[in-house]
Every structure is written in C-alpha cells, then in structure tokens.
Amino acid sequence: MLWLMRFSGFFSAAMLVILLSPSLQSFHPAEAIRSSHHLDGLLRLPPPRLSFRPAPRFRNAADANKCASSSVSTSVCDPSLVHVAITLDVEYLRGSIAAVHSILQHSQCPENIFFHFLVSETNLESLVKSTFPQLNFKVYYFDPEIVRNLISTSVRQALEQPLNYARNYLADLLEPCVERVIYLDSDLVVVDDIAKLWSTSLGSRTIGAPEYCHANFTKYFTAAFWSDTRFARAFAGRRPCYFNTGVMVIDLVRWRRIGYSKRIERWMEIQKNDRIYELGSLPPFLLVFAGHVAPIEHRWNQHGLGGDNVKGSCRDLHAGPVSLLHWSGSGKPWTRLDSKQPCPLDALWAPYDLYGHAH
Ligand SMILES: *[C@@H]1O[C@H](CO)[C@@H](O)[C@H](O)[C@H]1NC(C)=O
C-alpha cells in the first residue's frame, strides 16, 4: 500500500508539523472544563461547549454518477446506502468527529454513507449538522436505564459508560429497513474506502470482525468462569478466538431473528452474581459469538494503539496493510496530543481532528 510505504516520511513530516504548530500545542480550555467535571462526581453534566470546524465538502469520485444515491434527499431505507453506527459520547466526541471525518475523506462515494449516531444526551444533532453540513445521518437516543442495572464494575471506569453497551441494541434502535450496519468505536480513523468493508461477505454468520486466534483467550474470563462447567461449556464445540468489538459488520436481519441482544443480556445477568470476567462490554460478545465470527482482514482493525495503563507505553502497528487505525486501550491520541506527550502514531490521528475554531 503506497500510503504505508510513505509512512516513515510522512511520519517525520507530521512530527515536525506538531512541533512547529502553535495551535496544536496550545492548551484547550474545554479540556480543563471537562477535567473539572470529573471532580463533580459521577453526575453526567450537559455537554460542554465543544466546538468543531466544519469539515470540507468531499466529492471524491471522478465520476459522481457512479455514486448511486447522490440525490438531494437520501432516505435511510435507500438500498444503496452504506450504514455506519457510532456513539457520540461527550467524553469521546472529539474522537467520533475525527472518525466520521476520516471515513468521508477516504470514501469514493461519501454521499452514499448514512451515519447512525447513538447518544445519551441532547443537543448533539446541531453540532453534527454544523460540522458536516452535507451528512446523511440520524441521531438515536439510547436510554442509559436500559443497561444501568446490567453493568457491573470493570477494571477501567471508561468501560462502564452505558453508551459503551449501545452496540448490543443496534438491531432494536435502528430503522427496521436497515439490514446491515458497520459498528465503529470512537477512538479510530479509517484510512481506506469503507465501502470495501461494507461489501465483506459474512457467509452464514451474524457478525464479522478480524479474529486473533493466537491471543490467549483464557485471560478474558476469570478462574471462576473456567472452573464452573455450567459456564465454560458455553464454548463447547467451537474454537473461540478473541475479536475486538470496536469494529464489527453486523447482519441486523439475522440478529433480530435470533434475538442476540437477549443472549448477551443473559450473560450480563450472570456476571452480576458470579464474576465471570473483568472487562466491560466485550466479554458477553465473546461468549455469544467467539468461534462463530466471519473473519475480516486484519487491516480493518489495527487495534491497541492507545497503549495500556503504564504511562508512556506507545504501541506500534501490527505487520501488514492498514485500512483502519484503532486507539483501543486506555490512552487516547487527543489527550496525549493536548498534553504534548504524543505517541509517534498519534500523528496519524491528528489530521482528522476538527476540534477548535477556524483560524
Ligand atoms: C493464558 O492466560 C492464563 C490466565 O492469565 C494463564 O494461566 C495461561 O498460562 C496462559 N496461557 C498461555 C499459553 O500463555
């Protein structure tokens, strides 16, 4: 991939830009406001006044007629659309906006993409509209109460946010005419045409995701889980492999028919009484789907770039081509860039950041 081959040159240039650009170095007051919100305890306050620059208008196809739904008003039920679902969590809003920006920039037919935004706060619709004036989108309210009683404490507080669990309810939330959706986390950028991911075959499977069969699957569940045959037999007859739930292609028709939301909820109920895992929304997905996932090329989720809890631990890309960069883990590129302690790969996120006012 030419993009990757140019990587090292681009990378040094990007680091230079960061070192020289006063706007990237400046401290954003909103960050300080958000940090002080944490001190107010667990109360979820109304969205802080984040402002974003409007994204440029993308018309990427040489022949716009090739893009089927370039009509004036696009209905959500138009069968030629590519559907993308993403949460707009106030804490991760800057990441979500960058993700959308990256998708539009690399899509040959950005006008064919329909975004489904999941929110738990109001007032975000006008922000999306002003940042992406041409965007086809719909905002869905996800009631945190749906999962409030199902969430148990996890190793990282960020994993306990109700919106983190919204991906389990896409089949109910989205319009019934939407038959397939790509779910994406907020801490990633897409650097390839998302239409390629959209057209991936799922065969007879309900979800598709890159699988990691060399990862130690045991560690995603507690000893209490593995020692209790009532639980451990859930994996009988399949070869479960780890997959990351931050990038999934989902067949919503099959999901609705088989009722997977309820199956996932059943494991969350069990977790409340018997602690069978330590992470948040991921393990119930592994319990239901691991070993039954349509494998997608690894280029579509170069994950782990956030690094772990150890300060200053920066990750490198995995070998192979890259279509999507995912800052999963506890570190996020925007906080590291703001604090002037970026990891080298954070320079690849920065070009999609629309945070702040126009100069
Ligand atoms: C996998 O992880 C478990 C639990 O952390 C550990 O006990 C086991 O030794 C690991 N297996 C391998 C092959 O590393």
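Trainee: How many helices and strands are in the chain?
Mentor: The chain has 15 helices and eleven strands. Those are DSSP runs numbered from the N terminus, with helices being H or I of at least four residues and strands being E of at least two. Keep in mind that this is a predicted model, where local features need pLDDT of at least 70 and side-chain atom pairs count only at pLDDT 80 or more, while totals for chains, interfaces and linings use all residues. Residues are numbered from 1 along each chain as its sequence is written, and side-chain values use heavy atoms, with hydrogens and water left out.

Trainee: What share of the residues count as buried?
Mentor: 54% of the 359 residues. Buried means under 20% relative accessible area, exposed means over 50%, and partly exposed is in between, using a 1.4 Å probe and protein chains only.

Trainee: OK, the sheet. In what order do the strands come?
Mentor: The order is β3-β2-β1-β4-β9-β6-β10, seven strands in an open sheet with mixed pairing. Two strands pair if DSSP finds at least two bridges between them.

Trainee: And which strands stand at the edges?
Mentor: β3 (136-141) and β10 (294-295). Each has a single partner strand, so one side of each is left without a neighbour in the sheet.

Trainee: How many bridges join β1 to β2?
Mentor: Six, and the two strands run parallel. V84 stands opposite F115 in β2, and I86 has F117 as its bridge partner there.

Trainee: Which way do the residues of β1 point?
Mentor: V82, V84 and I86 point one way, while H83, A85 and T87 point the other way. In a regular strand, side chains alternate between the two faces of the sheet. Six of the six residues of β1 are buried.

Trainee: What lies across β2 and β3?
Mentor: Helix α6 (residues 124-131) does, running at about 165° to β3. Axes here are lines fitted to C-alpha atoms, for helices over the stretch in contact, and angles run from 0 to 180 degrees between N-to-C directions.

Trainee: Switching topic: where is N112 found?
Mentor: N112 is in the loop between α5 (93-106) and β2 (113-119). N112 is buried, because its relative accessible area is 10%. N112 and P79 are 33 residues apart in sequence and 10.0 Å apart in space, C-alpha to C-alpha.

Trainee: What about S328, buried or exposed?
Mentor: S328 counts as buried because its relative accessibility is 13%. S328 lies in the loop between β11 (324-326) and α15 (333-338). Leaving aside residues up to four places away in sequence, S328 touches D187, N244, H303, G304, L305, G306 and G307. A contact means heavy atoms within 4.5 Å.

Trainee: Now α14: how many of its residues are buried?
Mentor: Eight of the eight residues in α14 (residues 282-289). Their cover includes β6 (207-209), α10 (223-226), β8 (242-243), β9 (247-251), α12 (252-258) and α13 (260-273). Just after α14, G291 takes a positive phi of about 90°.
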